[in-house]
Amino acid sequence: MDDRSALAARLRELREEAGLSTTRLAAALGWSQSKVSKIENRRTKPSVADVQAWTVATRAPSDVAAELVDAAESIQVASIIWDRTLSGGRAEHQRTIGRLLHDAKQVQVFQHAVVPGLLQTAEYARNVLTLSDVFGVGDTSRATAARIERQVVLYEQDRTFDFLISETALRFRAAPPGALAAQYEKILSVSTLPAVSIAILPVDLRPSMVHAHPFVLYTLPDNARLVTIETYTREMTLTDPEEVDVYSRVYRSLLADALTGESARRFLTELRSEALRLVVPRHH
């Protein structure tokens, strides 16, 4: 039994030992009966606050309550080590991201390392995936194709995509100048889509917050939210509402520092012109 199943089972036991039906417990907590049922059946991951309230309502002993709160904290962060999850190749991981994108109604991306994957050209993506292959998986062509394929979600209705990109990420030389110019052109093109917004953080403006690491904030149709963070060795998924709220505040703070709209487009146009000036003419 995994940790989440074990927690759900223990919460059900507490309710039953307290002689409470799901309806009575829900009324005591001010929740819907369906929320109690979904937690017990693993369809909803309980937050730390949910578990604390549950243990109080069921009069759980203090040592049991502390144990369950610790368990709730541990399941809020799902951590997947790359060399284990990439056994099916990076292309499959790209398709997994694509399924999450398809489920979300809003996606907010903060990136200060490279251009976000949803905005990458094929050549830029191929170079980035080559540079980031720290485990030597080697399926760069298939992973590139899968990454480009999931960009179709940008053209679908009833969802929004907000990209917050640092100048450092935009200037990262993942490709030759000509390819970078094409990359800037693609971002300019995608920025005209109704579901897409582009914001840029210039390096010469005083920031309101440290640019600690890239992250993606997903809002799902039921308004549940989660954050994904990628490191060299693993991907973490945060679901604890308090943690997700922190990332939401960070995003809003960074966005307030950024260039948006026509200012962002002018900045990208200047970067494209810069890159084109560095292209070495071919001699025949």
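The following legends describe several close-up views of a predicted model.

The model is predicted: local features require pLDDT of at least 70, side-chain atom pairs count only at pLDDT 80 or more, and totals for chains, interfaces and linings use all residues. Residues are numbered from 1 along each chain as its sequence is written, and side-chain values use heavy atoms, with hydrogens and water left out.

**Figure 1. Aromatic rings of Phe110, Phe215, Tyr247 and Tyr251 are linked into a cluster by ring pairs.** Rings of Phe, Tyr and Trp (its six-membered ring) pair if their centres lie within 6.5 Å; planes under 30 degrees apart count as stacked, over 60 as edge-to-face and the rest as tilted. By this rule the count comes to 4 aromatic pairs. One of them joins Phe110 and Phe215, with 5.6 Å from centre to centre and 50° between the planes, and is tilted. Phe110 belongs to strand E2 (residues 106-111) and Phe215 to strand E5 (residues 215-219), so this pair ties together parts that are 105 residues apart in sequence. Helices (H or I, at least four residues) and strands (E, at least two) are DSSP runs, numbered from the N terminus. Phe110 is buried, with a relative accessible area of 1%, and Phe215 is buried with 4%. Here buried means under 20% relative accessible area, exposed means over 50%, and partly exposed lies in between (1.4 Å probe, protein chains only). The rings of Phe215 and Tyr251 have centres 6.5 Å apart and planes at 75°, so this pair is edge-to-face. Since Tyr251 lies in helix H12 (residues 241-257) and Phe215 in strand E5, the pair ties together parts that are 36 residues apart in sequence. Both Phe215 and Tyr251 are buried.

Figure 2. Contact means heavy atoms within 4.5 Å.

Figure 3. Asp133 is buried, at a relative accessible area of 18%. Its contacts, leaving aside neighbours within four places in sequence, are with Arg90 and Gly138.

**Figure 4. The second largest pocket is shown with its lining residues.** A pocket is defined on a 1 Å grid over the protein atoms alone, as an open set of points where a 1.4 Å probe fits, with protein on both sides within 12 Å along at least five of seven lines; lining residues have an atom within 4 Å of a point. Grid points are joined across faces, edges and corners, and a volume is the space filled by probe spheres set on the points. The second largest pocket holds about 660 Å³ of space. It is lined by 22 residues, of which Thr44, Lys45, Asp222, Ala224 and Arg225 are the closest to its centre. Helix H3 (33-40), strand E6 (225-230) and H12 are the elements that give two or more residues to the lining. By class, the lining has 6 nonpolar, 7 polar and 9 charged residues. Ala, Val, Leu, Ile, Met, Phe, Trp, Tyr, Cys and Pro count as nonpolar, Asp, Glu, Lys and Arg as charged, and the others, Gly among them, as polar. Asp222 is found in the loop between E5 and E6 and counts as exposed, at 59% relative accessibility. The C-alpha atoms of Asp222 and Lys105 are separated by 9.2 Å, although the two residues are 117 residues apart along the chain.

**Figure 5. Arg42 and Asp158 each have a positive phi.** Most residues other than glycine have a negative phi. Arg42, which is not a glycine, has a positive phi of about 65°. Arg42 lies in the loop between H3 and helix H4 (48-57) and counts as partly exposed, at 35% relative accessibility. For Asp158, likewise not a glycine, phi is positive at about 70°. Asp158 is found in the loop between H9 and strand E3 (160-166) and counts as exposed, at 73% relative accessibility.
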